[in-house]
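I opened the model and kept notes as I went. Here are the entries, in the order I made them.

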Amino acid sequence: VYRETTPQEYAVSYIPLHVAAISEGLYIAHENVHNHHCGNPLFMKALADIVGDGFKMVLDIKQARRAGADYREFIDVMGESIVHVHLSDCNDERDCIPPSEKGLFDFRELFTLMRNVGYKGKYIVELYSDSFRDVGEIVSSTIYLQDILNGIEERE
């Protein structure tokens, strides 16, 4: 059952996990999931502020899309806390398809914004099994995305 929870209440459960991970030389990266509290960028930021140093985030573009949240707001409020990014594209019919020139998402803008906040991590194409037809679509997606990244790097 979903119930409203404040960031402070959420942190009571989260902080022991966070501390245990750090004590083992690990970190937990909290993902923005659309039907949960952290699908809201302001909730995520409030939680990060309570947890403090070492809070990490996974930015999932599809989850932001499904939550009706602007992924740019996550970048604005979480910035250097983002350590991992899940990518997918969308079109008028589907909210999760392999990234390609046929999709609607502006990956050039995303990569530029992430670079501006100092992101040096990896980008992962994350799809569901019903989101693509075959492995060739995934391979094409990685080439498409790498071309965009290379173009951004060349301009610098």
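This is a predicted model: local features need pLDDT of at least 70, side-chain atom pairs count only at pLDDT 80 or more; totals for chains, interfaces and linings use all residues.

I took buried to mean under 20% relative accessible area, exposed over 50%, and partly exposed in between, with a 1.4 Å probe and protein chains only. Residues are numbered from 1 along each chain as its sequence is written, and side-chain values use heavy atoms, with hydrogens and water left out.

**Entry: lysine 62**

I found lysine 62 in helix H3. Helices are DSSP runs of H or I with at least four residues, strands are E runs of at least two, and both are numbered from the N terminus. Next I listed its contacts, meaning heavy atoms within 4.5 Å. Setting aside neighbours within four places in sequence, lysine 62 touches Ser88, Asp95, Cys96, Glu126 and Tyr128.

**Entry: helix H1**

I checked the length of H1, residues 7–23. The expected span is 1.5 Å times one less than the number of residues.

Where does H1 bend? I located a bend of about 40° at serine 13, and proline 16 follows within four residues. The bend is the angle between axes fitted to the seven residues ending at a position and the seven starting there.

I noted Pro7, Ala11, Tyr14, His18 and Ala21 as the buried residues of H1. Their cover includes strand E1 (29–31) and helix H2 (41–51).

Serine 23 lies in H1. Serine 23 counts as exposed because its relative accessible area is 55%. I took one distance from there: serine 23 and proline 98 are 38 Å apart, C-alpha to C-alpha, and 75 residues apart in sequence.

Just after H1, glycine 25 has a positive phi of about 80°. Leucine 26 sits in the loop between H1 and E1. At 53% relative accessibility, leucine 26 is exposed. Leucine 26 and glycine 54 are 28 residues apart in sequence, yet 10.0 Å apart C-alpha to C-alpha.

**Entry: strands E1 and E2**

I looked at the pairing, which needs at least two DSSP bridges between two strands. E1 and E2 pair in the parallel sense over three bridges. Histidine 30 stands opposite methionine 57 in E2. I also checked E2 for burial: four of its five residues are buried.

**Entry: the core**

A nonpolar core is a set of buried Ala, Val, Leu, Ile, Met, Phe, Trp, Tyr and Cys residues joined through side-chain atoms within 4.5 Å. The largest one has 32 residues, and Leu59, Ile82, Phe107, Leu110 and Phe111 have the most contacts inside it. Elements that each supply at least two residues include H1, H2, E2 (56–60) and helix H6 (135–155).

Not counting residues up to four places away, phenylalanine 107 touches Leu87, Ser88, Asp89, Pro99, Tyr144, Leu145 and Ile148.

**Entry: cysteines**

How many disulfides are there, taking sulfur pairs within 2.5 Å? I found zero. For cysteine 90, the nearest cysteine sulfur is that of cysteine 96, 9.5 Å away. Cysteine 90 is buried, at 13% relative accessible area. Cysteine 38 is also buried, at 2%.

Methods:
A disulfide is a pair of cysteine sulfur atoms within 2.5 Å.
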